[in-house]
Amino acid sequence: MNTYSQSERTAIFRAAIKKFIEARREAKKLPEGDPRYAYQAWIEKAAEDAQAIQFATHVARITHSSSQCDSFYAPPDTLPHCDVVARNAMGADFPEDASAKNASALYVIAFLNLRVDGKRLLDYVLANDPALREALAPSSAAGDEMMMRFSSVVSPPKSPRVDALIKQVFWLQGDDPAEDQDFIVIAPLACSSLMHELYTSVQSANFSEESKEARKARREGRPSEHSCISYRDVIEWHVGGANPQNVSPLNSARRGVSYLLSSLPPKWAGRSVPDLRRRDSAIPAFIKHRRTYYIIKELAEFLKTNPPPTVETRKQRAVFEGDLCQALAEFTESVRSYEKPGWTEAADCRLPMEEKAWLDPMACANASEAGRLGQWEDAVSARIANALSAALQQYGVLGLGDTEFAHWCRILLRESSWQIPSLASGGMA
């Protein structure tokens with residue numbers, strides 16, 4: 001309305017306010033000319049009832065619907081920045097709530113939220129707009145009084161009240177905990193604005209047409225221009241019972257329903273690899289590894305069928321051999337990636353030197369230890385082959401002779417040599 005003169009802006013405000021008053025009279029089905037709905041009389045009554053209204057971001061009655069504790073108005077831009085999701089993350093366009101000492105004054109909230117040229121009447125009141133002041137009262141003094149009364153809806157209380165229905169924390173702000181006056185009372189209040197923001201997000205994710213289309217596209221394996229958002233383990237919190245409007249306007253808009261996100265402790269996955277320090281050998285851990293376990297089980301089932309010595313049998317055995325080699329490579333890499341180089345030098349590590357060289361090449365970096373170890377690859381491969389043979393016997397695959405043993409040993413030796421350079425060459429894979 002910047003292009004209009006002040007008198008034109010005043011006329012626009014008057015027209016909008018008059019239309020609002022008429023709509024309320026018609027909603028109550030009262031006859032025209034009712035003196036209570038005369039323009040000036042209605043505004044004066046609204047200004048008086050505004051004293052019972054407090055615009056708020058934090059509403060006390062969410063904690064207890066009968067509480068007389070003061071609510072507070074704290075816009076996000078007035079709060080210090082923090083790196084967690086909190087009320088200061090809502091931005092300038094945040095949902096405002098309000099509390100009322102009596103329900104009969106709630107209409108003042110709708111009046112102050114009346115939009116004229118894209119802004120609320122409350123915004124014009126807080127900006128002390130002269131055209132609105134003139135529209136509210138015929139005289140300048142009366143207009144100032146109206147503006148002051150309406151602006152009080154966002155003024156913090158001079159002496160905040162708490163009562164026994166609100167959760168309270170006594171906080172020591174002085175030096176002597178034995179003195180009552182050294183304590184202050186902290187009353188944590190629910191942030192209704194943030195609760196409404198979360199409610200809107202969850203409702204949109206669950207019931208909006210865009211979300212429905214995205215979920216349908218996902219089920220059908222089609223792309224979608226909309227995101228598929230899901231809130232898991234959400235709890236409904238009902239506030240206000242059968243009369244949610246007695247708590248606050250936003251609570252009434254939510255029909256008394258608010259959502260609580262899960263605050264369960266995380267499900268720890270644990271170590272990605274077993275702790276090998278206090279073990280005499282790492283090979284049993286490799287044999288019991290999930291992937292190795294299933295490969296051995298499937299191989300045993302295949303061998304128990306007594307397959308004929310054909311090309312197809314050799315190909316199938318080659319598949320199992322390749323899977324075992326890959327499982328060994330993955331186990332080796334997982335240990336060496338998880339642990340820091342030199343981890344086997346710790347005093348509590350009981351692994352044999354050959355296995356230290358296998359899983360932690362830095363443990364045997366100097367020449368004297370390398371010379372003493374000799375062919376550590378052969379030793380480790382032979383142990384793994386023995387362990388595999390024993391595992392197959394547990395599944396009933398018996399009679400693996402020297403030929404089969406030597407076959408497994410060569411496979412694992414080749415895999416071990418490919419995965420880890422020999423000590424003579426130095427370095428790590």
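**Exercise 1.** Does cysteine 325 count as buried or exposed?

Solution. Start with the ground rules: this is a predicted model, where local features need pLDDT of at least 70, side-chain atom pairs count only at pLDDT 80 or more, and totals for chains, interfaces and linings use all residues. Residues are numbered from 1 along each chain as its sequence is written, and side-chain values use heavy atoms, with hydrogens and water left out.
Next, the cut-offs: buried is under 20% relative accessible area, exposed is over 50%, and partly exposed is in between (1.4 Å probe, protein chains only).
Cysteine 325 comes out at 10% relative accessibility, so it is buried. Cysteine 349, at 8%, is buried as well.
Finally, look for disulfides (pairs of cysteine sulfur atoms within 2.5 Å): the structure has zero.

**Exercise 2.** Find which residues of helix 2 are buried, and where they sit around the axis.

Solution. Helices here are DSSP runs of H or I with at least four residues, strands are E runs of at least two, and both are numbered from the N terminus.
In helix 2 (residues 39-49), the buried ones are Tyr39, Trp42, Ile43, Ala46, Ala47 and Asp49.
They span an arc of only 165° (taken from the directions from the helix axis to the C-beta atoms), so they lie on the same side of helix 2.
Their cover includes helix 1 (6-27), strand 1 (53-56) and helix 6 (140-151).

Notes
Contact = heavy atoms within 4.5 Å.
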